[in-house]
Amino acid sequence: MDLFALYQSRIADALSALFPQLAETPDVLRRFVVEPPRDASHGDMSTNAAMVLAKPLKSNPRAIAEQLIEKIKEFEGVESAEIAGPGFINMRLSASVWQNVIAEINATGTEYGRPKDAPAGKVNVEYVSTNPTGPVHIGHARGAVFGDALASLMAFSRCDITKEYYINDAGGQIDVLAKSALLRYREALGQNIGEIPKGLYPGKYLIPTGKKLADQFGDALLNMDEAEAVDKVKSIVVDSMMELIKADLAKLNVHHDYFFSEKQLHGEDGDIHKTLDWLREEGLVYQGTLEPPKGKTPEDWEDREQTLFKASDFGDDTDRALVKSDGSYTYFAADIAYHRNKFLRGFNEQIVVLGADHSGYIKRLKAAGKAVSDGKANVDVKICQLVNLLRNGEPAKMSKRAGTFVTLGDLVDEVGADVVRFIMLFRRNDAPIDFDFEVVTAQTRDNPVFYVQYAHARACSVFRNAKRDLPDLDISLDALQKADLSVLSDPAEIELIKIAAQFERVVASATEAHEPHRVAFYVHDLASAFHTFWTKGKERPELRFVNLDEQTITLSRLALVNAVRQVLANSLGILGVSAPDELS
RNA sequence: GGUCCCGUAGCUCAACUGGAUAGAGCAAUUGACUUCUAAUCAAUAGGUUGCAGGUUCGAGUCCUGCCGGGAUCGCCA
């Protein structure tokens, strides 16, 4: 149980008893927070309840605080409380409250930090969704890691989550892909294809696909009309690209539950058709012309009547085209249908992870989500900023056109999945990252991945040493749970426990905000606190974990170390980063 | 020009959705290794949170207007 949530609810109960009139406005009892104060000298927990309630109660904060504090002082585990500043109430908890956290962590293990109850509703996280025209490149790595970690975080928080990949297999780029593959097919049959013509994909990754086509069709495609051949091989080529993509993602330990093909939305009986009919009935589709963009009118602008969706009714800046001049649907039309499809599959919460170049797309996606669900579905678009790849300080060039881009697979092969994942998550998703090969592969403090994993390995090494030095001492998990935790009363120990005890609220807030980076920063903090405590044992030998003369204390300390190790492991588990027992 | 994101210590970034004296790391200076792994730790120093207003008990956070950087801008996906 999250201690901060526990005291929040106790204070809310106390307030209801003190001020019965609050029953009419129950919301205000959820608006105040109980949190660790920024300044440790203010105590263990702080609440702004009196200030938040001043207005609804038409009273002043100090007066409310004075009534409330009497109740708080009676709470179990509260050692003292005082009013500070404009009306904060600061509490100090007894050591046993913190010591019990150790017991709870060791008792619940990998389950520690998970909320008791599952939130209602199904959540869909859509991420990566790169065009199936080649391997995944670096630009998509961040979205892949972010989406995967977010899904993992939410699953840890007991959300009913589906990880989804939207395959853009219906656009014109698929024809180009198929033509490029047919070229490689002719190459596989021994023809000299020379330079890859402009406009086709030159990448060597299509060579195996060409061979596969040669194996399957022999020379049957050679005399065929190109359009016909393209039709024949399209889905085979897309499948083979998806295999490539899945293999790259697997190297990063990124896996999706569900692959959704855009193609299936098209056609007479497809979702686009049905969705547009439905929108028409709702009066959200009309024939009309759009205003040119404000300020800058494109030179070739001409007013043209087209089929439009009333996106502006749902917060978008303008209405959006649904049908191209050649009669086919726009990408956005498919997207609307896709969001309706998700809604009909039961996803009231839809998270879409996109690259920075799609930031202009957010409003229309949110509008589509609202429109196709009568406002019941919520679409949250998470934008991942660019990753600047550096090597020796120089920007590492990537170019898909030249066919020499660094793929995700190349990157993972070079630095490892743990490094890629942690570095991508050790930053807010909407801030750009400099990814420097030199830094992220160094085994020093500069490298946060290493720093955190080292803390976990150190904790494990304590157990190896205890086993070696005290072979007769039972240090099994059972024994740790029977350890006397009351001896863990040194301020240095309590400080470390306090950091560990914040894990639950970090998980809760990261889940709510859809921000897995908070877990990454937290685990770094916890590692730091552990390293600090470790070094204290050098200055003050009585704080060392393994004490040959005092086995009781050793056992208690091991309980502490195991708890910290467990929280490190649980945090890393959420991020999909390994927690090694020792470093090589 | 419209829209969105960003602007915080010399550098790279946090700041728990409005809380108290804005925090870490790097770089700089000083100190701790016959080590429970110094692959680490401690201390010092570093700030008008781009600028100017506004909202309120209280603003890095919300609102308005500027300045600077990036992304995007009717049928690409």
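Five elements each supply at least two residues of the surface near RNA strand B: strand 4 (88–93), helix 7 (172–188), helix 16 (448–469), helix 19 (503–513) and helix 20 (517–539). Helix 20 gives the most to this surface, with nine residues. Please keep in mind as you look around that this is a predicted model.

Let's stay with the RNA for a while. There are 71 residues around RNA strand B, and those that come nearest are R304, S325, Y454, N465 and R544.

For the phosphate, turn to R544, where a polar side-chain atom lies 2.3 Å from a phosphate oxygen of RNA strand B. For the sugar or linking oxygens, find R427, which has a polar side-chain atom 2.6 Å from one of them. For the bases, look at N90: an N or O atom in its side chain is 2.5 Å from a base nitrogen of RNA strand B.

Now for the aromatic rings. A search of the whole structure finds 20 aromatic pairs. One of them joins F260 and Y338, whose ring centres are 4.7 Å apart; their planes meet at 40 degrees, so the pair counts as tilted. F260 sits in strand 7 (residues 258–261) and Y338 in helix 11 (residues 331–344), so this pair links distant parts of the chain, 78 residues apart. Both F260 and Y338 are buried.

A second pair also involves helix 11. The ring centres of Y331 and Y361 are 6.4 Å apart with planes at 50 degrees, so this pair is tilted as well. Because Y331 lies in helix 11 and Y361 in the loop between strand 11 (347–355) and helix 12 (362–372), the pair ties together parts that are 30 residues apart in sequence. Y331 counts as partly exposed because its relative accessibility is 38%, whereas Y361, with a relative accessible area of 13%, is buried. Both tyrosines belong to a cluster that ring pairs make from F309, F314, Y331, F332 and Y361.

Finally, look for charges over rings. The charged end of K246 sits over the ring of F259, 4.1 Å from its centre. R340 lies over the face of W278, at 4.0 Å from the ring centre.

Key
Residues numbered from 1 in each chain as written. Chains lettered and ligands numbered in written order. Predicted model: local features only at pLDDT ≥ 70, side-chain atom pairs only at ≥ 80, totals over all residues. Heavy atoms only, no water. Near = heavy atom within 4 Å. Polar contact = N/O pair within 3.5 Å; in protein donor to acceptor, adjacent residues only side chain to side chain. Helix = DSSP H or I, 4+ residues; strand = E, 2+ residues; numbered from the N terminus. Phe/Tyr/Trp six-rings, centres within 6.5 Å; stacked < 30°, edge-to-face > 60°. Buried < 20%, exposed > 50% of the residue type's maximum accessible area, 1.4 Å probe, protein only. Lys NZ or Arg CZ within 6 Å of the ring centre and 35° of its normal.
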